[in-house]
Amino acid sequence: MNNKEKKKEIKRVDLEISKALWSLRGDIRRAYTEVLVGQERHEALKELAELYQLLFATAEKRWKAGDVARVDVYRAELAYTQAVINQEQASTEVLRAKQSLSVLLGRKHNLDLNIPRLESIPLQVKAEKLGYLPDLNIALPALERLVSIAQDNRLEIKIVDQTIRAAQANLKLTYGNIAPTPAIGVGSSVVNGPGAPDATAFTK
């Protein structure tokens, strides 16, 4: 493999590494989002369990006062128990999501990972400042333009294109190794011994 082919192969490997890094970045973002959503769901279920607990206590007091039937107390107790179970399941899901995120970040899975809640993050202001939100007043480009941009920037397409180039270079090298190398010889060749002496050479 000559230097030109080595450079093409190195470029292809660099594109593969860039693709892996982008994939890892996407996995980390998804894991972070799962943690955020899980935390919010856990807090919502926690508040719901507290409401059902208050409802259960109120139903029990009203039953003792003779205002409601015993079956209403059972229903309130069942709803409170189910809410507690849902809260515990949500807590387990948050723990697993944090462990997955820690592993992706190269941290130990059993270390505590503190992530702020959504209410403490000014998402709207930050998104507007960084330009993440779309500007609905600007018309979208044509589909052909979007496809052209994707073909120029997608790492998968670049990797395939570089793989084809490297394969073509290797194919040319293989053809060069298979084709015979012509050789030109200079000199005389004697077959079946020396020729007969010239009889006239002695009379000259």
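Three salt bridges turn up in a search of the whole structure. By salt bridge I mean a side-chain nitrogen of Lys or Arg within 4 Å of a carboxyl oxygen of Asp or Glu. Side chains of opposite charge can pair when their charged atoms come close.

A word on the source. This is a predicted model, where local features need pLDDT of at least 70, side-chain atom pairs count only at pLDDT 80 or more, and totals for chains, interfaces and linings use all residues. Residues are numbered from 1 along each chain as its sequence is written, and side-chain values use heavy atoms, with hydrogens and water left out.

Now the bridges, one by one. R30 meets D27, at 2.3 Å from N to O. Both sit in helix α1, 3 residues apart, about one turn of the helix. Helices here are DSSP runs of H or I, at least four residues, numbered from the N terminus. D27 counts as partly exposed, because its relative accessibility is 30%. The scale is this: buried is under 20% relative accessible area, exposed is over 50%, and partly exposed is in between, with a 1.4 Å probe and protein chains only.

Next, R41 and E93. Their side chains meet at 3.5 Å, N to O. R41 is in helix α1 and E93 in helix α2, so this pair ties together parts that are 52 residues apart in sequence. R41 is partly exposed at 41%. E93 is partly exposed too, at 46%.

Then D72 and R75. Their closest N and O atoms are 3.8 Å apart. They lie 3 residues apart in helix α2, so about one helical turn separates them. D72 is partly exposed at 30%, while R75 is exposed at 57%.

On to the rings. The rings of F56 and Y80 have centres 6.4 Å apart and planes at 5°, so they are stacked. F56 is buried at 17%. Y80 is partly exposed at 23%.

Now the inside. The largest nonpolar core has 7 residues: A31, V35, L36, A97, L101, L113 and I115. Such a core is a set of buried Ala, Val, Leu, Ile, Met, Phe, Trp, Tyr and Cys residues joined through side-chain atoms within 4.5 Å. Helices α1 and α2 (70-104) each give two or more residues to this core. The most come from α1, with 3.

Two residues to look at here. L113 touches K98, L101, S102 and R107, leaving out residues up to four places away in sequence. Contact means heavy atoms within 4.5 Å. Is Q39 buried or exposed? Buried, at 10% relative accessibility. Q39 lies in helix α1. Beyond four places in sequence, its contacts are V94, K98, I115, P116 and R117.

V13, I17, L21, L24 and L104 make a nonpolar surface patch of about 390 Å². Helix α1 (residues 3-64) gives the most to that patch, with 4 residues. One of the patch residues, I17, is partly exposed at 45%.

Terms used
Patch = residues over 30% accessible without salt bridge, like charges linked within 9 Å, V, L, I, M, F, W, Y side chains within 5 Å. Areas by Shrake-Rupley, 256 points an atom, 1.4 Å probe, with all protein chains shown as cover. Phe/Tyr/Trp six-rings, centres within 6.5 Å; stacked < 30°, edge-to-face > 60°.
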